[in-house]
Amino acid sequence: MAPPYSSGSQSYGIYGWGNGNSYRQSSYSHRRKDSDSTSLIEDIRAAVANGVRWSWRFWNERGRHMVLAALVASARRLRRNLTYNRLFSIPHLLVAIWVLVLLWGERWTFHTKVESCHWDKWENWPAGADPHHLVLVADPQLIDHHSYPGRPWFVNDLTFLITDNYLRRSYNQLISQLDPDTIFFLGDLFDGGREWKTAHGDFRDAEWAPHPKSEQKYLKKWNKKYNEFYWLKEYARFGDIFLNPWVKASQTPGAEHKRRKLVASLPGNHDLGFGADIKIPVRNRFEAYFGEGNRVDVVGNHTFVSVDSVSLSAEASPIAQKHDLRPVYKPTEHFLLDIARLKRRAVEKELRVQRGEEPELKFNHRIENLESANFDDKPFLGKGAPELPTVLLTHVPLYRPEGTPCGPLREHWPPAKPPAGQTDPVFPDNRNAISVSRGYQYQNVLSEHHSVSLIEKIGNVVHAFSGDDHDYCEVIHAANQKNVPEITVKSISMAMGVPTPGFLMVSMYNPLDGNGQPLLGDKQPTLQTHLCLLPTQLTTYIRYVLFAVLCIALLAVRAFLVPVLNLTPFALEEDHWSYSGGKSGPRRGGFLLPVFKAKVEDYEEYSLPSGGGFGGTSSSRLAGLSATASRSGSTTGSSKKEKGHHHHSRRSSHSHSGKVTGGGGKWGWGGPKIEIPSDNDDEGYGNGNGNGYNGGGYDGGKWKAAKKRGPSSTGPRSAASVVITELWTTLFRVVWMALVVFGWLAYQG
């Protein structure tokens with residue numbers, strides 16, 4: 001037959017003679033125009049349709065069999081894992097111990113620590129007293145992207161999760177076990193609250209307060225990505241950790257009659273900035289969601305005065321002499337000038353509530369002539385109100401001389417040991433003291449001028465509480481500050497550089513008569529404090545590591561003893577199961593692809609009896625002959641050349657055998673089979689002498705039957721192999737189960 005082409009410029013195709021390129025070009029051009037005319041939606045629709053058809057075809061042909069095979073294999077493995085010997089094995093015993101260890105480190109230790117701080121374990125009031133319980137929480141300082149800007153995102157996310165869980169667990173135990181009547185936050189609610197761009201106002205840095213060089217490269221990203229919406233998410237995050245548990249506890253039965261209060265309006269330098277560096281839009285945003293930073297509250301028959309000391313410090317800044325900073329510090333100044341009236345008004349309102357009266361006064365309803373009306377006759381709260389003990393709350397601690405010791409409860413450094421014969425603390429003790437210093441957006445203590453002014457203007461201050469330092473510090477100030485005792489409260493966060501976080505408990509008992517006069521003696525204390533320490537997270541993680549090392553050692557010893565003492569191995573023997581695709585269902589030793597091939601070229605030792613010559617072959621036998629030759633042409637080519645005189649006889653004998661019948665012959669199906677080795681066969685390609693496959697195949701010019709697959713084909717393993725397999729299997733089992741438990745506890749919060 002002539003080839004369907006010519007060497008000339010014209011060619012012949014199904015459309016006759018002509019230029020061979022003309023039709024192809026025109027048809028291609030036509031198809032290209034059709035393709036160009038289709039829209040993107042049509043292309044996507046066509047791609048989806050093709051994908052659906054391909055998926056359906058794959059599911060019908062192989063997918064469902066693969067799924068069934070995987071389910072059967074999983075069921076068999078699960079059944080083998082649920083045996084008594086495996087369930088109560090050493091690896092699973094270690095997993096059970098890990099569950100207890102993780103429950104202790106992530107749950108029970110918080111409960112135990114807070115339980116040791118119950119009010120009745122340290123309060124010392126007269127019998128029958130009903131004190132007011134208050135908790136001071138300092139510097140939760142939620143970690144955000146400003147905290148560690150150079151870290152990878154996944155490390156930051158893990159840090160957020162761990163620190164938030166620590167705060168949530170500590171605070172939940174505080175609420176559920178201690179059930180305080182009042183909670184005050186002492187500022188620094190966020191770590192980067194001052195950095196997130198506001199929706200309104202001028203957010204640019206002042207010319208005298210640029211960011212440090214280490215943060216300059218992040219400013220563009222922060223202003224673009226972390227804006228008002230990000231701050232609102234941080235606000236919701238704060239509410240989820242601290243506000244929601246408080247609201248939930250208020251709705252429990254029996255809590256309706258309690259007068260409970262939570263105040264979180266006192267700002268810190270991480271919320272607003274410090275002094276001259278404060279941006280007015282940032283402060284306006286904070287006060288819009290948390291309330292005024294300067295306020296007066298009467299709690300437990302004590303007057304609490306909260307002062308926005310970070311804004312007040314702008315007055316003492318050298319920048320105030322060159323630039324107008326009055327919008328920053330004037331609101332706090334006006335508050336302090338009017339503090340006496342505000343205190344009397346708050347006390348009067350509280351006494352009216354205790355007497356069952358309306359807290360606010362009502363105007364007298366009368367009709368008067370405009371010319372003769374008396375406008376001075378209007379109700380006024382606070383006339384003649386008694387003076388209650390006053391407590392000062394400030395984020396930045398009050399001034400003290402350099403080296404003033406903070407006492408034995410300070411964790412950074414214990415007090416220096418005094419010389420022999422000295423009973424007073426060592427002074428100066430710089431390691432045990434709060435450093436009197438300042439830097440970008442912070443100042444460790446207020447100026448002496450502002451500290452003295454605060455005490456004098458507020459008046460009758462019996463105690464002061466502050467935050468900012470992250471560690472505990474207890475001092476009694478000098479005479480010019482009225483010898484006021486002050487406690488700087490520990491941070492409640494584990495990420496503030498202090499190993500052991502905590503919070504301060506305050507118990508107040510100051511009974512009053514109907515006129516607000518105290519029933520206790522003048523010199524009787526009305527306030528007691530107790531530092532409640534929380535778990536040291538670093539210690540918890542060290543215990544995790546030590547127990548992990550112990551587990552590895554135990555599993556290594558067990559793996560070593562398995563071949564020595566002939567113990568039952570934990571590692572399951574490999575068990576291949578797959579779906580054959582036929583009616584027989586799943587079968588053992590199967591694969592998704594065929595691994596055996598019929599070998600129909602019959603050598604003399606495998607030949608079937610022949611009943612006639614080649615001439616008697618029917619057409620059906622010729623068809624079978626041609627099919628056989630086409631299937632084995634590549635493998636029999638060399639044998640045809642070497643044994644040409646046998647070729648006719650072998651073909652003749654095979655043609656007389658007829659079709660292969662199932663289950664007949666020596667091989668169960670009418671002939672031998674050769675093995676197609678898989679990639680993971682450990683017998684390798686060849687038998688060491690270059691002859692071919694060991695597991696079956698062509699060897700020395702002769703095809704060999706495939707070996708039976710199973711444990712017997714691999715032979716005994718060495719002791720080292722058994723030890724390594726056991727150690728890896730048991731270690732992997734313990735690790736992933738422990739990580740699942742830890743992940744579940746972390747997810748639950």
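**The disulfides up close**

Reply: Let's start with the link of C406 and C473, which is left-handed, with -75° about the S-S bond. Its S to S distance is 2.1 Å, and a disulfide here is a pair of cysteine sulfur atoms within 2.5 Å. This pair ties together distant parts of the chain, 67 residues apart: C406 sits in the loop between β8 (390–394) and β9 (438–439), while C473 belongs to strand β12 (residues 473–476). Helices (H or I, at least four residues) and strands (E, at least two) are DSSP runs, numbered from the N terminus. C406 is buried at a relative accessible area of 1%, and C473 counts as buried at 1% too; buried means under 20% relative accessible area, exposed over 50%, partly exposed in between (1.4 Å probe, protein chains only).

A quick word on the source: this is a predicted model, where local features need pLDDT of at least 70 and side-chain atom pairs count only at pLDDT 80 or more, while totals for chains, interfaces and linings use all residues. Residues are numbered from 1 along each chain as its sequence is written, and side-chain values use heavy atoms, with hydrogens and water left out.

Now for C117 and C532, joined by a disulfide with S to S at 2.2 Å. The torsion about that S-S bond is about 90°, so the disulfide is right-handed. Here the partners are 415 residues apart, with C117 in the loop between α4 (90–115) and β3 (132–137) and C532 in strand β15 (residues 527–533). Both C117 and C532 are buried.

That makes two disulfides by this rule, and counting bonded cysteines along the chain gives the pattern 1-4, 2-3. As for C551, this cysteine counts as buried at 3% relative accessibility.
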